[in-house]
Amino acid sequence: MGHDSGSSAGAGVESLSLDLLAHALAGVRDPRDRKSCRLASRAFARAEAASRRAARVLRREALPRALRAFPALSSLDLSACAGLDDASLAAALPVRLARASGVGWRGLEALVAACPRLEAVDLSHCVAAGDREMAALAAAGLRELVMDKCLGITDVGLAKVAVGCPGLQRLSVKWCREISDIGVKLLAKKCPELRSVDISYLKVTNESLRSVSTLEKLEDIAMVSCLFIDDDGLQMLSMCNSLQSIDVSRCHHVSSLGLASLIDSQRFLRKINAAHSLHEIETCVLSKLSTIGETLTVLRLDGLEIFASNLQAIGSTCKNLVEIGLSKCNGVTDDGIVSLVAHCCDLRTIDVTCCHLLTNGALAAIAENCRKIECLRLESCPFISEKGLEPIATLCSHLKEVDLTDCRINDAALQHLASCSELLILKLGLCSSISDEGLVYISSNCGKLVELDLYRCSAITDDGLAAVASGCKKIRMLNLCYCTQITDAGLKHVSALEELTNLELRCLVRITGIGITSIALGCTSLIELDLKRCYSVDDAGLWALSRYSQNLRQLTITYCQVTGLGLCHLLGSLRCLQDVKMVHLSWVSIEGFEMALRAACGRLKKLKLLGGLRSVLSTELLQMLLACGCRVRWVDKPLVYEG
């Protein structure tokens, strides 16, 4: 009877249309549950294949299979695809190629030819990309292009894009230091549809802002650390009155007068970031904020001189703020926070990092007035204690992120925070009074936690990790650096966190390859692992990582007790590995380094090695690394070999 019932249930699923099955799958949020559905029914598998719109490929060899399996894809992320080259792109589609340093103009030409409807490309951190690559992409008529830190791109490449992509709406050329006013001028002339432009860290002048000001549809402009832009440039930009977001952070020649003139010309501004640019916020800026008080939702003033009267003026005029940034602002006191939050009841994010004068009185005011608060950053506020966190935990039920790094809090504070069941991110670094008891409180009710930072919480032991692993199973990021009481038994508990992707274990001197083996077996989704100064981790741990941690992309094994054989096997086995820091591996010979690097040469993008190896590794190997787009950081310390 049970068999017949199961058969008829399966037949029922098979009889449903792909649209209905796809709609049902859309309601399944957990990737593991979706996988179970696909494995349980071929009908669900077919629906997934027919309806899937986005995918992220981790291995180059899997790209053709992914394209065949999911014909409806409209977005493909290849930023983590190690060893991606021109040949791999011949049949691809709209892609995110960030850090794909092996891709050149031939591959991009093939991409454009294969994807006539290509609209968006992300080439950020492809440091070898230059003008020829831009010429290849220009033929696509893109609407969005991100090429942050493409160091080889000049005005010529930007001109190719401007001429070939007249419908361009979003462009980011952050850190493309060879682009000048000439390129920006042509861009503004040829691309009238631009709505978002990021020219941060460029050596452009006010002339670029004069050009950009002609863009009638421009809504978002970022010019972080543009050191040759001043108040005259902001005055020119004020000709453009469609702006919704302005970022002039770290523009050291911008003053309150320039910012005030720009604000005065706008009526729809929603976001202003003036962090670390002005010395202080002056009356002229405060008076102009009143003109956009109804629309302004985000105001970042980090690093400025801010007094209670300033915050009172901001609160009384900008009552719709949802985010305020006051990190490292001198002069912020309880009185200022009280007067601000009395009017800004819709605040969701408050950043008062390093506001050393704040006490529990400020937290009481926030709790009383900002019941919708979701993110509270209190790092290095030394006068905050468990008494201030009690009203926050009691009244702010939507709290999702709390940063208490370097605060003088104890387990009682965590007992209060445990009532925040929606908590996702909790940072407790340098809180030396936190013990296992506090982690037990958090684990009892914060089951949604995805990030936990326990950096230098030296009182934490294996028992605390047992509680975390039992109650916070969704953790993806865990920092245990310098928690020196942790042993292999603690890592055995951590291995139960199946969704863990980032794990920092720096200077855990009591762990060995046994603990790393537990992590490799249990945390198969691991992407980043830091084992620096884990002196007792040996080849046994590396062999386990080689076998079970196939998703690992970033690894630090500096000062570990590994040999050339273990290193070679590790680098040769991990197909997704892109970033390796391996300094002071005194048991690895020169030949061991040579063989290990050759085993992973085509996949690596970043390396950190002792400078002494530079003169003894073969010239051929170093040229191969360079040709594959791998950047090597050489540490100027002597080479030591004890093998």
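This is a predicted model: local features need pLDDT of at least 70, side-chain atom pairs count only at pLDDT 80 or more; totals for chains, interfaces and linings use all residues.

Guide: What follows looks at that cavity and then at the chain around it. Residues are numbered from 1 along each chain as its sequence is written, and side-chain values use heavy atoms, leaving out hydrogens and water.

The structure holds one cavity of 30 Å³ or more, a cavity being a set of points, on a 1 Å grid over the protein atoms alone, where a 1.4 Å probe fits but cannot get out. The largest cavity has a volume of about 30 Å³, volume being the space filled by probe spheres set on the points, which are joined across faces, edges and corners. Its lining, meaning residues with an atom within 4 Å of a point, consists of Met-582, Val-583, His-584, Leu-585, Ser-586, Val-588, Phe-593, Leu-610, Leu-613, Leu-639 and Val-640. Of these lining residues, nine are nonpolar, two are polar and none is charged, where Ala, Val, Leu, Ile, Met, Phe, Trp, Tyr, Cys and Pro count as nonpolar, Asp, Glu, Lys and Arg as charged, and the others, Gly among them, as polar.

As for confidence, the protein chain averages a pLDDT of 90, and 91% of the residues score at least 70. Over residues 1-10 pLDDT stays under 50, and the model has zero contacts beyond four places in sequence for them, contact meaning heavy atoms within 4.5 Å. Residues 90-94 also have pLDDT under 50, with 22 contacts beyond four places in sequence.

Key: pLDDT is the predictor's confidence in each residue, from 0 to 100. On a 1 Å grid over the protein atoms alone, a cavity is a set of points where a 1.4 Å probe fits but cannot get out, and a pocket is an open set with protein on both sides within 12 Å along at least five of seven lines; lining residues have an atom within 4 Å of a point.
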